[in-house]
Amino acid sequence: MYDYDVIIVGSGAAGGALAFKLSHSGKKVALFEKGGGYSTGDFTRFELTAYRNLWAEPRFTSNFELTQGRLKKEIALGMGSCVGGSTTIFTAVAQRAFPENIERWYRETKVVNENGEPLNISDLEDNYRTVEAETSVRPYTDWDKGVQLLSHGFRKIGLQIEPVNAYITKECDHSGCLFGCPTGAKKGSLLAYIIPAIYNGLELYTKCFVKKVLIRKTKEDWLGRKFEAYGIRYLDEQGNEKELTSKVVILSAGALETPLILFRSEYAEVVGYTESAMQIGKNLAVNTGTILFGVFDEVLNNWDIHPLSAHLLDFALEEKGGFLLEMSETMEGPLGFSQVVTDESGMPLIGERLQMVLKNYNRVAGIFISIHDSNDGEIYWNSKIEEAKYLKPITCADERRIEKAVMLSKDAMMAAGAKEFYRSIYLSHHAQGTCRIGEDKSRSVANSNFEAHDCARLFICDGSSIPSVLDVNPSLTIYALADRLAKYLNSERCKYFA
Amino acid sequence: MNDKPPYALTQEEYELIEAIADTIIPPGKDPAKEPGAKQVGTKNYFDSRFLELSESEKIAIRRCFSLLEKKCLSLCGTRFKDARREDRESILNILLSNPESFKDFFKLRAICLEGYYSDYKDPWYHGPTAWDIIGFKIKNVSFMKKDFSFLKVYNTYSERK
């Protein structure tokens, strides 16, 4: 009757992990990805090819336009667009969330565990442990020269940076994280989950654009839902419109894309503009980031490094300062670096100054600063022209946090011998919170089992599910959430596969 | 159809983009050793890249062209391509710092940078490129397959194939 047991839309952290875990349990699974399929042998380290094949075209917020000029600064929102999603081009940082961050989820949207109690970090312990083993997480202690130099600087000002945990095996040759790992050492969704899932029978659809979720009216269920999802409509690589059906649909296209699929599906219109449906696209958080670049006397060749191998967590929580420092990011190549580099006031460089800093690129080390964020952004959808606009305020408090972090980073860099400083534009790759989970229907789109409040058989699991922003890289937590959903769907508690 | 570039831009726009790219990435003191965007042919990269932009992106880029010319005329009394380098730089900076035009000019700048720092050089240029100037050499250089096949100018002229 159905084409598949499960259709998953999006092949990033959650989509890939779910595809593996559900196909492993014998379910017939289809995984849809808008981007192309590439693997280790295709990752050539040539920046331009990687940006074209693996990255989504960067989209800026529209803060100025959406606030009639009140907000003047924009953020570049980046993400992957290929099999493996952002995990193919991410820096492989694998940090567990702080317990304080998870405790806040209940306060925000009433997320509960299997027993109906407020979810806390111990509920995620098993999930974290599982996904850490599956993705080869280890402390990344093989620091390059740039990080060692910065470590020295931080020590001089009384602070100690630590190795990040990373999804990287010992075979890492320190090159090309952002352009697809050329050695296969990075265990993103592609290698850890999707390729093994193909051996389980997963059917992978690449370069296929999912237009909408198919939703129909049904008999009211025990949760009072009168609608259910039964498949998707998509455009194949040749642009032909097709439909496929499934018992369950899972949206895992990421916090920037998943709400757009629901907007295109006219979800709110279909289910009758419920409180929950009106939450779609709201509560966007991005951990606004910027990079402080320092120019040193020593040749560092920081393009030959793992981009983020150390961090300073001391100030990451809101009450401790609200900023996270990771190092020694320099964008891994001259093209990316030239595009993001700005002067200290945030003005993109042009002319001789640009040429001069690029000539010194081999002596640059960087500290990536990301801040504790508020879920105060929103995605706006214009259905007439099918265009999304992103609002994500950079508040005065955000700017104060960033400036504090910049001052501290600068002190450490100066102590390490940096002579000149540059900044980057505001950027983020950690969008979260646009289709939150929780039991409070007025503040979330899906319940604690990731199933839409208003539509049975429709699950949402990715960065959009996160109820309130995390103060570390969210990818490990997204993997852990996918593990939770897989366990639920593979359990007797879920009746859809009986 | 044109045999040589410009394929997508008008002749006027083609000359303007050469001036814009030259302002963003000027040559060093000795252009033979330290070429800028003008020398390596960034305008041809831009022109071929323009072909694949969406209609709304093309409109945005053309809006930038028009804004630049208007600003230059009002501040310097000349066309942008005829203005002094320092004036061109100031005008670009003004428009990049204006929140209303920031995103469009950032995109324009980003494509120019692609046509230079990606190590692009057009079929008629045989000198050093950005990577030589920077000394950008990475491990696994044998894996480094530069792929410019998406550019019409690259496909049209066999020398670069």
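Within chain A, 20 residues of domain 1 are in contact with 16 residues of domain 2, two residues being in contact if their C-beta atoms, placed from the backbone, lie within 7 Å. Helix H9 (258-264) and strand S12 (282-284) of chain A are the elements that give two or more residues to the domain 1 side; helices (H or I, at least four residues) and strands (E, at least two) are DSSP runs, numbered from the N terminus. With 4 residues, H9(A) gives the most to this side. The domain 1 side comprises 8 nonpolar, 8 polar and 4 charged residues, where Ala, Val, Leu, Ile, Met, Phe, Trp, Tyr, Cys and Pro count as nonpolar, Asp, Glu, Lys and Arg as charged, and the others, Gly among them, as polar.

The structure is a predicted model, in which local features need pLDDT of at least 70 and side-chain atom pairs count only at pLDDT 80 or more, whereas totals for chains, interfaces and linings use all residues. Residues are numbered from 1 along each chain as its sequence is written, and chains are lettered from A and ligands numbered from 1 in the order in which they are written.

Domain 1 of chain A consists of 1-37 + 82-90 + 95-134 + 188-283 + 433-498, and domain 2 of 60-76 + 141-164 + 286-430; the bounds come from an automatic or database domain assignment. The centres of the two domains of chain A, taken over C-alpha atoms, are separated by 30 Å.

Between the chains, 30 residues of chain A are in contact with 33 residues of chain B. On the chain A side, helix H2 (47-53), helix H11 (334-340) and helix H12 (351-359) each supply at least two residues. The largest share, 6 residues, comes from H12(A). This side of chain A divides into 14 nonpolar, 8 polar and 8 charged residues.

In helix H5 (residues 99-109) of chain A, the residues Asn101(A), Ile102(A), Trp105(A), Tyr106(A) and Thr109(A) are buried, that is, 20 or more other C-beta atoms lie within 10 Å of their own, against 12 or fewer for an exposed residue, with C-beta atoms placed from the backbone. These residues lie on the same side of H5(A) because they cover an arc of only 160° around the axis, the arc being that of the directions from the helix axis to the C-beta atoms. The exposed residues Pro99(A) and Arg107(A) are carried on the face of H5(A) turned away from its buried side. Helix H6 (121-134) of chain A is the element against which the buried residues of H5(A) pack. Just after H5(A), Lys110(A) takes a positive phi of about 65°.
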